[in-house]
Amino acid sequence: MKKLIKKIVQFILLLFLVGFIIDIVIKNPMNNKLLEYQITKLDKAKNIDIALIGDSSLGNGIQAKFFYKNTYNFALTGDYNLINNYRMLEKIIKSNPELRKVYIMQTFDVYERDNSNMLNINLEQENLFLRIFVKIKSLKYYLTVKPFDNSRINYELDYMSQSENIYDFKNKKRVLTKNISSDNKSSILSIKKLCEDNNIDYYFLFGPSILLEKNEYYIQLIDFFKTNQIQFKKDYFVLNEQNIGDAIDHVSSLYKEESTKFYYDLVNRKD
């Protein structure tokens, strides 16, 4: 019996040691060039007046230098969901407490996603057991996908380069299939409170998209913003055969300045 207990203890200690080594040797396996680029940008930024946070519809849709002076675009991708908009905003406020405005832009179908399997820009700050679990779970990606990742930053456009493939438009309409998730409801309300607590003006914006069908899920999404008195603009830059990029919600880089002007005018418009 004592030998069995000893072996069990040794096995548990071995697992803990292996996990501890993994935690030390491997940083967040899911970290990518884009996150590193945006965090480095934030570390170097000074006197941020306006911050733009969101997903790839923002990264491809707004050029910060054409928006306002001292505006910075910290767009990530939809894989980070709204919870990481909140985490990014916390980082921005911490390093730039004089921040005046923030615009949060997501593509329509991000709102229905929950936080399971989403990336975490603060993983290294989580507890040891969660870090080890996530890193072990992500090892397959780390070993089989990441080494072949050929994505690159386009520094002139201040975001990832698009692929050469243009989205096949064919007059399609976009249709939402789920209601806004409870996770994203919570994240939106947290962002609202964080802005109000720090006297920051904010607006939630919908990213560029092909034409959206205004079905029951769209109506529920709009009702959530209205019911909770959240500042938002429901208009969005409509994509067509001419201005669409490599995805259903990506503006072609040739039309990024035009899209930027659309959103500049939108946030300055008195409804």
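# Questions about a predicted model

Visitor: At 65% relative accessibility, does Gln229 count as buried or exposed?
Guide: In this predicted model, Gln229 is found in the loop between helix H8 (216-227) and strand S7. The cut-off for the exposed class is over 50% relative accessible area. Because its relative accessibility is 65%, Gln229 counts as exposed.

Visitor: What is the phi of Gln229?
Guide: Most residues other than glycine have a negative phi. Gln229, a residue other than glycine, has instead a positive value, which is near 55 degrees.

Visitor: How many helices and how many strands does the protein chain have?
Guide: Buried residues make up 45% of the 271 residues in the protein chain. Of the contacts with a separation of 6 or more, 79% are accounted for by residues 24 or more positions apart. As for its elements, the protein chain has nine helices and seven strands.

Visitor: Why are helices H4 and H7 described as roughly parallel, and at what angle do their axes cross?
Guide: The axes of H4 (residues 81-95) and H7 (residues 182-197) come within 8 Å, and H4 passes H7 in a left-handed crossing. Angles under 35 degrees count as roughly parallel. H4 is therefore roughly parallel to H7, for their axes cross at roughly 20 degrees.

Visitor: How many nonpolar, polar and charged residues take part in the contact of H4 with H7?
Guide: On the H4 side, the residues that meet H7 include Leu82, Ile83, Tyr86, Leu89 and Glu90, while those on the H7 side include Asn184, Ser187, Ile188, Ile191 and Leu194. Sorted by class, the residues of this contact divide into nine nonpolar, five polar and one charged.

Visitor: What separates the C-alpha atoms of Leu82 and Asn184?
Guide: Leu82 is found in helix H4 and is buried, with a relative accessible area of 0%. Leaving aside neighbours within four places in sequence, Leu82 is in contact with Asn184, and also with others, among them Ile104, Gln106, Tyr111 and Phe204. Although Leu82 and Asn184 are 102 residues apart along the chain, their C-alpha atoms are separated by 6.0 Å.

Visitor: Which residues of H2 and of H4 make the contact where H2 passes H4 in a right-handed crossing?
Guide: The axes of H2 (residues 33-44) and H4 come within 10 Å and cross at roughly 20 degrees, and the two helices are therefore roughly parallel to each other. By class, their contact has four nonpolar, two polar and one charged residues. From H2 come Gln38, Ile39 and Leu42, and from H4 come Met88, Lys91, Ile92 and Ser95.

Key
Residues numbered from 1 in each chain as written. Predicted model: local features only at pLDDT ≥ 70, side-chain atom pairs only at ≥ 80, totals over all residues. Heavy atoms only, no water. Axes fitted to C-alpha atoms, helices over the stretch in contact; angles between N-to-C directions. Helix = DSSP H or I, 4+ residues; strand = E, 2+ residues; numbered from the N terminus. Parallel < 35°, antiparallel > 145°, perpendicular 65-115°, else oblique. Left-handed = near helix turned anticlockwise from the far one by under 90°. Contact = heavy atoms within 4.5 Å. Nonpolar A, V, L, I, M, F, W, Y, C, P; charged D, E, K, R; others polar. Buried < 20%, exposed > 50% of the residue type's maximum accessible area, 1.4 Å probe, protein only.
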